[in-house]
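Please read the following report alongside the sequence and the coordinates.

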Amino acid sequence: MLPRHHEPIVAVATAAGRGAVGIVRVSGRGLGALARALTGRELSSRHAHYGPFLDAGGEAIDRGLALFFPTPHSYTGEDVLELQAHGGPIVLQLLLARCLEAAAQDDTLPRLRPAEPGEFTERAFLNGKLDLAQAEAVADLIDASTEAAARSAGRALAGAFSTEIGVLRDALIELRMLVEATLDFPEEEIDFLEKADARGRLQRVLAALDAVRARARQGALLREGLTVVLAGQPNAGKSSLLNALAGAELAIVTPVPGTTRDKVRETIQIEGVPLHVVDTAGLRIDAVDEAERIGIARSWEAIGDADAVLFLHDLTRAGDASYAAADREIAVRIGGASAPVLHLDTKLDLAPAATGGVSMAGEHLALSARSGAGLDALRARLLELAGWQPGGEGVFIARARHLRALDQSREHLRLAQQLAEQRDAALDLLAEELRLAHDCLGAITGAFSADDLLGEIFGRFCIGK
Ligand SMILES: Nc1nc2c(c(=O)[nH]1)N(C=O)[C@@H](CNc1ccc(C(=O)N[C@@H](CCC(=O)O)C(=O)O)cc1)CN2
Ligand SMILES: Nc1nc2c(ncn2[C@@H]2O[C@H](COP(=O)(O)OP(=O)(O)OP(=O)(O)O)[C@@H](O)[C@H]2O)c(=O)[nH]1
């Protein structure tokens, strides 16, 4: 029996629903006979052939373009057969079923099964067509929620991230070779660190790693975005601010306090950075009914998960002592969350110039959702809080997994550096730290990766990818 990752697979490669064109894609070994059975002809390699896609009785299910990519020159590195048909869901299901049937009927054909999510790209990885960071970039390109995220995923897919990791790994390999060679000649140990400039090399690798980390963090921000929670008493202007930032009427705005009963989550973007804005139910201590109480409990949950909290204060209530007292009570609780808090004094257009404003310690921005005053300053401050460096050209997309690996690698290099600074450095320990730092980098591109990690990564792809 074939191992699972050698079994031929088939899936509809295009999105569900109706489209101009839809593609059924087959990947596996020895697909030539299947191609003949489905098209009734010999397909030359990597050429588009227009003709019928035949059912078991020789009747055309559809007419379209057939492409055959013989191994190894294909997306997956195996034989790939594509049927580019008309993009109707039923047509594509018929073609998919026909592929399975044709393979089952002829025992010279390999046993075919439907593909699991991400399985085509997993094969591209297993067959060395893409490394792991590039394979992840395929999914990130498809999932990108802003133009900047798509461009940076495109760069990672083209190998920009992998190349930087490769440069770091090469520098580490050189250093490791020096250290390990010296281990074999113990009498020279003392001179080694001096002669080979091991400390200088280590220092340079660390600096280069830090530069890659900084760019990867930018890339991760483009992928993950920033979660910002709008918090404040009922009627403070949270929903209006969400709508103003989004430039659309997303949340219901009414003069009735307590209009927003549950979280509304909307993704907008600032300079290409996805911003997940969560509008919450207005916070109040003495909620009137059960639904409101539940909404408020969810608001607190959202605040706990936020990357930043925007705490809104209604400037028109600035003189109201009980309003201020309630704000102070909420502030204490928000202060208990770990996210940074930015105070927004709202409805600036209504606040008379003489008003002293809201008195509450912390950073304040005054704004008006109605006139738009202060919104640009808020956007700029949010980007700053996110750690976004403007003009992030050349950023490649990255994931939390990559950041962790880079951090761990850095940790091992720091330990190696400490060892190297000692008078009679233990070279065997130094060698071991360098090896571990090297392994962490290898995990990013998948030089060695556990099956469960691969399952985790490819299981999140869409089917047919
Ligand atoms: N119709 C179609 N469009 C598609 C894909 C596909 O599978 N089918 N892709 C799938 O996601 C992407 C393109 N990815 C591909 C990557 C490599 C090869 C390929 O044939 N590689 C060979 C030859 C390279 C060459 O000619 O230089 C190779 O790597 O050896 C094909 C598609 C996006 N568009
Ligand atoms: N003039 C003016 N009115 C505003 C502004 N922002 C909000 N409002 C008004 O204030 C009222 C409450 O606004 P919302 O955005 O619904 O407030 P909220 O904090 O979401 O309220 P809840 O859903 O009750 O928690 C509405 O009548 C808005 O039109 C502003 O910048 N200027």
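How much space lies in the second largest pocket?

## Basis of the model

This is a predicted model, in which local features need pLDDT of at least 70 and side-chain atom pairs count only at pLDDT 80 or more, while totals for chains, interfaces and linings use all residues. Residues are numbered from 1 along each chain as its sequence is written, chains are lettered from A and ligands numbered from 1 in the order in which they are written, and side-chain values use heavy atoms, with hydrogens and water left out.

## The second largest pocket

The second largest pocket holds about 300 Å³ of space. A pocket here is an open set of points on a 1 Å grid over the protein atoms alone, with protein on both sides within 12 Å along at least five of seven lines, and lining residues have an atom within 4 Å of a point; a volume is the space filled by probe spheres set on the points, which are joined across faces, edges and corners.

Of the 21 residues that line this pocket, Val 12, Ala 13, Thr 14, Ala 16 and Ile 463 lie nearest its centre. Two or more lining residues come from each of strand S1 (9-12) and helix H2 (89-105), and H2 gives the largest share, four residues. Helices (H or I, at least four residues) and strands (E, at least two) are DSSP runs numbered from the N terminus. By class, the lining comprises 14 nonpolar, four polar and three charged residues, where Ala, Val, Leu, Ile, Met, Phe, Trp, Tyr, Cys and Pro count as nonpolar, Asp, Glu, Lys and Arg as charged, and the others, Gly among them, as polar.

Oxygen atoms of ligand 1 lie 2.6 Å from a side-chain N or O atom of Arg 25, 3.0 Å from one of Arg 46 and 2.9 Å from one of His 73. Taken alone, ligand 1 exposes 680 Å², of which the protein buries 50%, with accessible areas from the Shrake-Rupley method and a 1.4 Å probe.

Notes. 1 Å grid on protein atoms, 1.4 Å probe; cavity = no way out; pocket = protein on both sides within 12 Å on 5 of 7 lines; lining within 4 Å. Polar contact = N/O pair within 3.5 Å; in protein donor to acceptor, adjacent residues only side chain to side chain.
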